Amino acid sequence: MSIRRQTPIVVGVGDVVNRSRRIEDATCIEPLELMLGAIKIAVQDTGLAPSAVTSLQAEIDSLDVIKCWTWPYVDLPGLIAQRLAIKPLRKYQSPHGGNQPGLLFDEAARRISKGESRVALLTGGEALASLSACAAAKRLPPPNWTPLAEEVTTVFSPTTRELSASALPGKWTASRSDADGVDLGATHNIGSPIQAYPLFETGFRAHRGQSVQDNHAESAELYAEFARVADLNEYAWSYGNEPETAQSIGTVTKKNRLICTPCETSATELSLQGGNTDTSFTDPLLMNAFNTVNLAAACILTSVEHARELGIPEDRWIYALGGAGTRDSDDCMRVSSLDECRLANRSAVWQRPNFWWSPAISRSLDAAMEASCLEKDDIDLFDFYSWVHLVEESQP
């Protein structure tokens, strides 16, 4: 006997931004509090009366949380459920990864469509801005933040993560093409985003026959366009400030310091080759992802049928049409946890046949369009996530 599919929809969304970096405000800006604030807004966004809101919240049977970089909570989903006074059958914390929000959304919609969930809640948030301010004031841990099982004495930075085998004591598995017990990523310092992404950027630039100067100018203009979009979004971290321009974004200054270079060619190497040693053709801070924020978001999904039962107005419904996802490396089969999978994938970038194309991105986009029964021209708005600008540049 077949089970009739339900139609998954988004019925409430919530965003929270707190731009304060004052130490005295840090007590109420830990990630947990920001997420709870976003959830409250998402529940109110359904348009339900207060009495019906209580019923909706009580029916949350699925809670997915993006793993937090800021504060390594022992059981973040459990803390959220406790504070909301709910008892979801599913409580899950994802591994780190920029694909996780989309993945969790797609999986939640699929569970609702199969009748495995009635009301699903997704949330995530960071407070690295507050944590950084507390660290600068030598106030770690921040006052009144949730106690941890481990001591936090530094602020997370994607550029200073350990790449040696000791990053996973007793568990590190070398990639298949490596020498016995040796990880080439650790040996040659390739593993962090600012080390791996320049390989992709350089490969893509070379594939297009583009000069370093033209690539830099194109990237700066792309980020200037992002800045103009952010200027219209009250939840963007930079909202309220004068938008950066292509000139200010692309120029290395004391404030806009050098982070990495797409061509991975130092000024010394260029000089030896008789090339241009101008460091303006490098990726400065404003051309990279910005982690030091206090932001959180939440999303509530249910089915069309249950939304009608709850009385959620149809003008609050957003249909989840379809999704897809895959990965470029299968090295995860050799490790024992999702976090190790993430590290293994990062450390195996040199095993790819080229650095200018991602089969996973192409196949995922095609599969998502097919699942949604859409053509490219049917879509009015594209929103691409990437640590750096390469993904946005590579989309047709």
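Trainee: Which residue stands opposite Lys-91 in S3?
Mentor: Leu-63 does. This is a predicted model, where local features need pLDDT of at least 70, side-chain atom pairs count only at pLDDT 80 or more, and totals for chains, interfaces and linings use all residues. Residues are numbered from 1 along each chain as its sequence is written, and side-chain values use heavy atoms, leaving out hydrogens and water.

Trainee: How many bridges pair S2 and S3, and in which sense?
Mentor: There are 4 bridges between S2 and strand S3 (residues 90-93), in the parallel sense. Strands count as paired if DSSP finds at least two bridges between them; the strands themselves are DSSP runs (E, at least two residues), and helices are runs of H or I, at least four residues, numbered from the N terminus.

Trainee: What joins S2 to S4?
Mentor: 5 bridges, and S2 runs parallel to strand S4 (residues 119-127). Val-65 has Thr-123 of S4 as its bridge partner.

Trainee: Is S2 buried or exposed?
Mentor: Buried, meaning under 20% relative accessible area with a 1.4 Å probe, protein chains only (exposed is over 50%, partly exposed in between). For strand S2 (residues 60-65) that holds for 6 of the 6 residues, so the rest of the structure largely encloses S2.

Trainee: New topic: where is Gln-210?
Mentor: In the loop between helix H7 (193-207) and helix H8 (212-230). Gln-210 counts as buried because its relative accessibility is 16%.

Trainee: What does Gln-210 touch?
Mentor: Arg-205, Asn-215 and Glu-218, leaving aside residues up to four places away in sequence. Contact here means heavy atoms within 4.5 Å.
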